[in-house]
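Hi everyone, thanks for coming. Let me put the model up, and then we can walk through its pockets and its aromatic rings together.

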Amino acid sequence: GGNDDIVMIGDRTNAIALEYSPDRWGVEFMSDKPYLVRSNFFVLLERLRPAPEECTLHTSSAIRYADALRHLSIKGSQNTLDDVFKLVKSHYQDKTAMSICRHGGSGEYFTHASFVVELHEDSVEAYVMLNEHPCEGTYQRFDLAMK
């Protein structure tokens with residue numbers, strides 16, 4: 001639609017991240033990496049990132065991206081569903097808008113929804129939380145059959 005954006009697409013075996021602007025595309029394939037991460041943060045199209053001092057949203061995205069990489073790199077491909085839940089509840093930067101589980105102050109960004117999915121051979125477990133911080137709320141689990 002003409003605006004810069006990030007899209008992630010995946011299945012059980014592979015994933016790609018597409019970063020695009022009206023005149024450029026960046027494509028990252030998961031390949032042999034155990035995970036693929038974005039947090040409103042352009043990795044491939046760095047020119048689209050505003051300077052941190054000009055945009056606190058960029059600062060937050062960069063810090064949250066680094067925290068996700070740090071968290072996931074501990075176990076790599078051995079990360080479990082529990083590890084993913086720990087990640088979405090992360091307060092590495094305290095309970096601020098700079099953490100993955102964001103508790104923003106007045107006028108700041110905050111996390112108000114969370115969605116975690118685990119794929120199985122013939123089903124999908126989806127965990128959804130709305131209108132709560134991941135560290136405080138309870139996820140509702142949905143079991144979906146694959147056809």
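Five elements each give at least two residues to the lining of the largest pocket: strands β1 (5-10), β2 (15-21) and β4 (113-119), and helices α1 (56-73) and α2 (81-88). Helices (H or I, at least four residues) and strands (E, at least two) are DSSP runs, numbered from the N terminus. A word on the basis: this is a predicted model, where local features need pLDDT of at least 70 and side-chain atom pairs count only at pLDDT 80 or more, while totals for chains, interfaces and linings use all residues. Residues are numbered from 1 along each chain as its sequence is written, and side-chain values use heavy atoms, with hydrogens and water left out.

Which element gives the most to that lining? It is β4, with 7 residues. The lining has 42 residues, and L36, V84, F115, V116 and V117 lie nearest the pocket centre. A pocket here, on a 1 Å grid over the protein atoms alone, is an open set of points where a 1.4 Å probe fits, with protein on both sides within 12 Å along at least five of seven lines; lining residues have an atom within 4 Å of a point. The space in this pocket is about 1600 Å³, a volume being the space filled by probe spheres set on the points. By class, the lining has 24 nonpolar, 12 polar and 6 charged residues. Nonpolar means Ala, Val, Leu, Ile, Met, Phe, Trp, Tyr, Cys and Pro, charged means Asp, Glu, Lys and Arg, and the others, Gly among them, are polar.

The second largest pocket holds about 170 Å³, and its lining is D5, I6, M8, R38, S39, N40 and F42.

Now for the rings. Phe, Tyr and Trp (its six-membered ring) pair if their centres lie within 6.5 Å; planes under 30 degrees apart are stacked, over 60 edge-to-face, the rest tilted. That gives 3 aromatic pairs. Y20 and W25 have ring centres 5.0 Å apart and planes at 25°, so they are stacked. Y20 is buried at 18% relative accessibility, whereas W25 is exposed at 58%; buried is under 20%, exposed over 50%, partly exposed in between (1.4 Å probe, protein chains only).

F85 and Y127 are edge-to-face, because their centres are 5.2 Å apart and their planes at 90°. This pair links distant parts of the chain, with F85 in α2 and Y127 in strand β5 (residues 123-130), 42 residues apart. F85 is buried at 14%, and Y127 is buried at 10%. Together with Y139, these two form one aromatic cluster.
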